[in-house]
Amino acid sequence: MMLEVNDLNVYYGAIHALKGVSFQLKEGEIVALIGANGAGKSTSLKAVSSLVKVRSGEIFYRGEPLTTVPPQDVVKKGIIHVPEGRKIFPRMSVVENLEMGAYVHDNRDAFETDMEAMFERFPRLRERRKQSGGTLSGGEQQMLAIARGLMAHPQLLLLDEPSMGLAPIIVEQIFDIIRDINKQGTTILLVEQNAQMALSIADRGYVLETGRVVLEGKADDLMENPVVQEAYLGGH
Amino acid sequence: MKTSLQNSVRNGVVFGVVIVFLALIGFLVIAASLLQKMVGNPVGLTSMPSAASLLVFLGFLHLWNGWRVSHNKEDIDTNVPLKTRILRGLTAGVTTGLFLLVYALVVGTINERGVDMRVYLSMLSSQSIDFFLFNQSPLVGGLIQFGFSAAAAVVGAVLAKFADSGKDKVKSIQKAAVAWSDKSWLGKVKTNPYVSYVLIGVVLLLLVLVPRQWGAYWNYIMGTVGIYVLLGLGLNIIVGLSGQLVLGYVAFFAIGAYSFALVTAPDPHNLQFNFWIALVIAVLVSALSGVLIGLPILRLRGDYLAIVTLGFGEIIRILLKSDWLKDFTLGPRGLRNIAGPTLFGREFIGDIDFMYLIILAVLLALFIARRVQDSTVGRAWLAISQDETVAQATGVDTYKYKLLALAIGAAFAGLGGALFASRNQFTGPEDHVLMVSINVLCLVIVGGMGSIPGVVLGAFALKGLPEILRELESYRLLVFGALLVVMMILRPEGLWPAKRPNLEVKQPPPEPETDTRPAAIGGGS
């Protein structure tokens, strides 16, 4: 098992955000966490990357405990979090944003080839390489956020709402890219409100509701599930 | 046509109000005296400046009035006919003139009745009113002002016409000059790498020679500017680079000054350490205090951090003043007889020596600030200042780098504080009030956040300028405030904004994408 999350409890002050969440990821999978606003999807991701404090429960990454590891060391282990809302560094250029992605590696030669690979994957970013991140369009910013994540050579990529606020055609592009990244060997944990898109590329999925996992299973089975269809797929 | 005349009237009203205001507070007399002093004919203590100097000063304002309205934003090009311009200038000038006429009649009549206006407006003496009226009766004086205002504004409007038609010619001459200089030896000089070394050499030479010529007064003023450059460089690292809004920066200044004072002064501890050892101690203690204070409070962000640090600055000052620490810091009395610098057993306390010391400290701080900013540390700070969570997600140890920023910033403040205490040979709690924090923050903002040359310019503007403006006596703060307003309008990002080398000029995003999420998401409702 690559990632194992057992009975996770997270609080924001008095608010009990995660009430005993458990899920697993196998090497090479795409796993989707779906659910409505406030279900605890993003919090689950932040717990894995140590961006929030875990009250109780365990996280194991390839058998090693992860709950007490500080965020910068989580990054060094190859778990890369791409936060929601296309969070890029707005006053840094595209190239500088990519440099920040490679922050933990600090290898100039590898950086040049990696950056070239990113520009191959995202040609729009090459055109905008010297522009500041804040001036990119929404889709370009999301691409930059993903590219920045890839610069760190992730083994496990945590993607938080990559479709948020983007036009459908751009969402299609982004999901093609995610599938492609997975094919090249990166395991992906995907958080999405757009359940349709997420389940269409995922191997397995978990449905979260108010801080609990209420359903889990193969992505195809979840798509067929009448409860999921009713609640998250618009009832068709 | 209608709007442009409205614009002229509005402009005239503004100038009228401003000139009346300047007359009421007695500034016209000061301005005229200064003008006269500049042409080498200073005014005696009891007499008034000449009418000519008043006309020159007002003339400039009226010309500006006409110049402004002669060509305004609504015009598509600069090709406005002369007739229109004269009409606009006349309108503005007459409007302003009416204000001056009414003012002259009202104030002049009151003055003639023998009422002493100084009871209400301390600078409005009978003499200064007569001065405004050119020693004529209110009506005649007012009409002179009125006529002069209208005439000068028309001249200003006509001048603007010539300036506009001359603009294109000037531009083409400029272009030719630049092209010529690039081709000739000047171009070679510009691209020669040794030129910057020569420039640095010249600056260093000036820094060595100028303090010898200045005299004690200017050395003192410039020394203060230097100390504020140190403080500004430190706060610039904390606020400008790492983006942590710390409002109690004076605390580190106080800790530097006091730790230096406590180990060198004969009273109360009689340690009498050597100057240089004490200096190092002061810097280290300040840096350490930065870390200690940072450990708990750097978990806070934004407004909360600002409030907590604001309180911290005051706590330090109140502690230094308190009865509780009286045996240790001597309370409100402060510490006296703080050591001056020594070198190889020789004391050098003179103002020139101390100026050199401050210049050295500033150069050292500039060097360190520059090197740190350009390193990976600087990049980590830049990331933290833009988005702390994302910085964390890319693997930056945000807590460590924020602590480092606070430690370096505090060390700079400590150095400044130690030099400050040593120069004055005294320091007390009232040297370390909240205003110091605010002044330093202001100079960082005025100079341009995150910009090192900006800090230097800001320190000169905020600490040096008020001294230069001392000629204006009690109007110093008025003019200073006006200059700050003008500065912020003309250069809102600071005098010398931080430049990001590999960033192109901002462009608007080419393809706006709207929030068109697929319909499937909201399906649950």
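Q: Two strands count as paired if DSSP finds at least two bridges between them. Over how many bridges do strand S3 and strand S9 of chain A pair, and in which sense?
A: As a general idea, the strands of a sheet pair through backbone hydrogen bonds, in either a parallel or an antiparallel arrangement. In this structure, which is a predicted model, S3 (residues 30–34) and S9 (residues 204–209) of chain A are parallel and share four bridges. A:Val31 has A:Arg204 of S9(A) opposite.

Q: What is the strand order of the open sheet in chain A?
A: Reading across the sheet, the order is S6-S7-S8-S3-S9-S10, six strands with mixed pairing. S6 and S10 (212–218) of chain A are the edge strands; each has a single partner strand, so one side of each lacks a neighbour in the sheet. From one strand to the next, the twist averages 15°.

Q: Which strands of chain A pair with S7(A)?
A: S6 (residues 79–82) of chain A pairs with S7(A) in the parallel sense, over four bridges. Here A:Ile80 stands opposite A:Leu157. S8 (residues 187–192) of chain A also runs parallel to S7(A), and five bridges join the two. In that pairing, A:Leu158 has A:Leu189 as its bridge partner.

Q: Which helix belongs to the β-α-β unit with S7(A) and S8(A), and what is the handedness?
A: The helix is H7 (residues 168–183) of chain A, and the unit is right-handed.

Q: How should I read burial along a strand: are the residues of S7(A) buried or exposed?
A: The cut-off for buried is 20 or more other C-beta atoms within 10 Å of a residue's own. In S7 (residues 156–160) of chain A, five of the five residues are buried, so the strand is largely enclosed by the rest of the structure. Both faces take part: A:Leu156, A:Leu158 and A:Asp160 point one way, A:Leu157 and A:Leu159 point the other way, and all are buried.

Q: How many residues of helix H1 of chain A are buried?
A: For H1 (residues 41–48) of chain A, eight of its eight residues are buried, and the helix is mostly covered. Among them are A:Lys41 and A:Lys46, as well as A:Leu45 and A:Val48. After H1(A) comes A:Ser50, with a positive phi near 65°.

Q: What are the confidence scores of the model and of chain B?
A: The model has an ipTM of 0.89 and a pTM of 0.79. The average pLDDT of chain B is 86, and 91% of its residues score at least 70. Residues 505–525 of chain B stay under 50, and the model has 38 contacts for them beyond four places in sequence.

Technical notes: Residues numbered from 1 in each chain as written. Chains lettered and ligands numbered in written order. Predicted model: local features only at pLDDT ≥ 70, side-chain atom pairs only at ≥ 80, totals over all residues. Buried ≥ 20, exposed ≤ 12 C-beta atoms within 10 Å, placed from the backbone. Right-handed = clockwise from strand over helix to strand, strands pointing away. Axes fitted to C-alpha atoms, helices over the stretch in contact; angles between N-to-C directions. pLDDT = per-residue confidence, 0-100. Contact = placed C-beta atoms within 7 Å.
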